[in-house]
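This briefing concerns the structure shown below.

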Amino acid sequence: MKRIVSIFIVLLALFVSACNTTGSLDSPKITPQPRYTETPVTQPSFAPRFGEIASVEIIDSCAYMLEINGVVTFYGAVEYKNTGDCPVIVPTADFSFEVIGKGMYNYSCEPAAYDFNITNPNDTNYIVFYRSIPVKTATPSGFPLPNASGTIPMPTSTPVSVPTPTEGSVIATGDKVNLKVTLTAEKSDLASSRLNVSDLFLSGNYSEFSTLSGTVKNETANVYSLNLEFVGFYDVDDKLIGVWQFSKDLFLDVGDALNFVSQLRQLNIPDLPFNTASMRGFGIGFN
């Protein structure tokens with residue numbers, strides 16, 4: 001009997017000991033997870049994106065004495081680049097035409113829609129100038145650029161110095177002319193937002209003028225009721241041989257892509273379609 005009691009006491013002690021033991025081979029050990037660390041988000045900088053230097057450089061230019069609507073007309077075009085560090089506009093352009101053997105004609109003009117024609121740093125742009133010279137007097141007078149059916153109104157221009165015509169010095173269509181252009185650039189508080197002009201095709205199917213077709217697309221976030229397009233023409237040596245500036249009666253919603261056809265009646269440069277090896281174009285929209 002005593003033996004049985006002793007065995008019972010030993011078993012009871014072992015049971016109590018097992019109940020007080022923490023952990024066992026069957027109990028998974030829980031490892032504390034590290035606290036979540038949030039990656040800091042870099043806040044956008046609200047510092048000005050552009051600087052303060054308004055500067056442009058003339059890349060190329062061309063000039064002709066054309067006959068438009070029976071009137072001898074100065075035509076000049078210039079391509080320039082924004083070499084500063086901020087968006088710019090060009091409110092004033094000075095065109096000096098040297099008609100070989102017949103004198104110098106100097107004009108100052110306000111380019112059409114210059115306050116909307118903004119050029120971002122490193123981008124290029126165009127300015128086009130027309131001025132008529134009545135054949136009988138060789139005295140300058142205003143001449144309108146093509147309008148909505150062709151292009152836009154002529155920019156305001158003021159003669160700075162015009163030589164007095166003499167017998168035998170009357171300017172004629174086809175006279176050789178050299179061009180010098182000086183541009184005044186100003187900083188714009190707005191950045192340029194251009195329309196895309198593509199699929200350009202220049203046709204010489206009319207003897208009096210060429211025809212230009214293409215597509216203008218509004219890839220900006222704005223809706224425009226007015227627009228102005230520029231297309232530059234270049235020869236095989238990539239020299240500028242002309243610029244067509246025109247406006248079409250197009251309402252451009254965001255994402256709109258519209259085709260256009262423009263008749264170059266006021267840009268009757270001889271053999272323009274045959275001498276053109278490449279074209280570059282863009283547009284601006286405004287309201």
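Phe-233 has Gly-242 of S11 as its bridge partner. The model is predicted, so local features need pLDDT of at least 70 and side-chain atom pairs count only at pLDDT 80 or more, while totals for chains, interfaces and linings use all residues. Residues are numbered from 1 along each chain as its sequence is written, and side-chain values use heavy atoms, with hydrogens and water left out.

- S10 (residues 226–234) is largely enclosed by the rest of the structure, because eight of its nine residues are buried (under 20% relative accessible area with a 1.4 Å probe, protein chains only; exposed is over 50%, and partly exposed lies in between).
- S10 pairs with strand S11 (residues 240–246) in the antiparallel sense over six bridges; two strands pair if DSSP finds at least two bridges between them.
- Five residues lie between the strands in the hairpin of S10 and S11, where Asp-238 takes a positive phi near 65 degrees.
- With strand S13 (residues 278–286), S10 forms an antiparallel pairing over nine bridges.
- Within that pairing, Phe-282 in S13 is the bridge partner of Phe-230.

**Chain as a whole**

- The secondary structure comprises two helices and 13 strands; helices (H or I, at least four residues) and strands (E, at least two) are DSSP runs, numbered from the N terminus.
- The chain has 287 residues, of which 40% count as buried.
- Among contacts (heavy atoms within 4.5 Å) with a separation of 6 or more, 73% come from residues 24 or more positions apart.
- The accessible surface is about 16,500 Å², and 55% of this area belongs to carbon and sulfur atoms; accessible areas come from the Shrake-Rupley method with a 1.4 Å probe, and for residues only the protein chains shown count as cover.

**Largest pocket**

- The largest pocket has a volume of about 430 Å³. On a 1 Å grid over the protein atoms alone, a pocket is an open set of points with protein on both sides within 12 Å along at least five of seven lines, a cavity is a set where a 1.4 Å probe fits but cannot get out, and lining residues have an atom within 4 Å of a point. Grid points are joined across faces, edges and corners, and a volume is the space filled by probe spheres set on the points.
- Of its 21 lining residues, Ala-63, Tyr-64, Lys-176, Ile-269 and Pro-270 lie nearest the centre of the pocket.
- Strand S1 (56–68), strand S7 (177–187) and helix H2 (272–275) are the elements that give two or more residues to this lining, and S1 has the largest share, with seven.
- The pocket lining divides into eleven nonpolar, five polar and five charged residues; Ala, Val, Leu, Ile, Met, Phe, Trp, Tyr, Cys and Pro count as nonpolar, Asp, Glu, Lys and Arg as charged, and the others, Gly among them, as polar.

**Largest cavity**

- The count is one cavity of 30 Å³ or more, and about 80 Å³ of space lies in the largest cavity.
- Twelve residues line the largest cavity, and Pro-111, Ala-112, Asn-117, Tyr-126 and Ile-127 are the closest to its centre.
- Strand S5 (residues 124–133) gives the most to this lining, with three residues.
- Ten residues of the cavity lining are nonpolar, two are polar and none is charged.

**Loop residue Asp-253**

- Asp-253 lies in the loop between S11 and strand S12 (257–264), and its 34% relative accessibility makes it partly exposed.
- Beyond its neighbours within four places in sequence, Asp-253 is in contact with Asn-218 and Val-223.
- Asn-222 is 31 residues from Asp-253 in sequence, and their C-alpha atoms are 7.2 Å apart in space.
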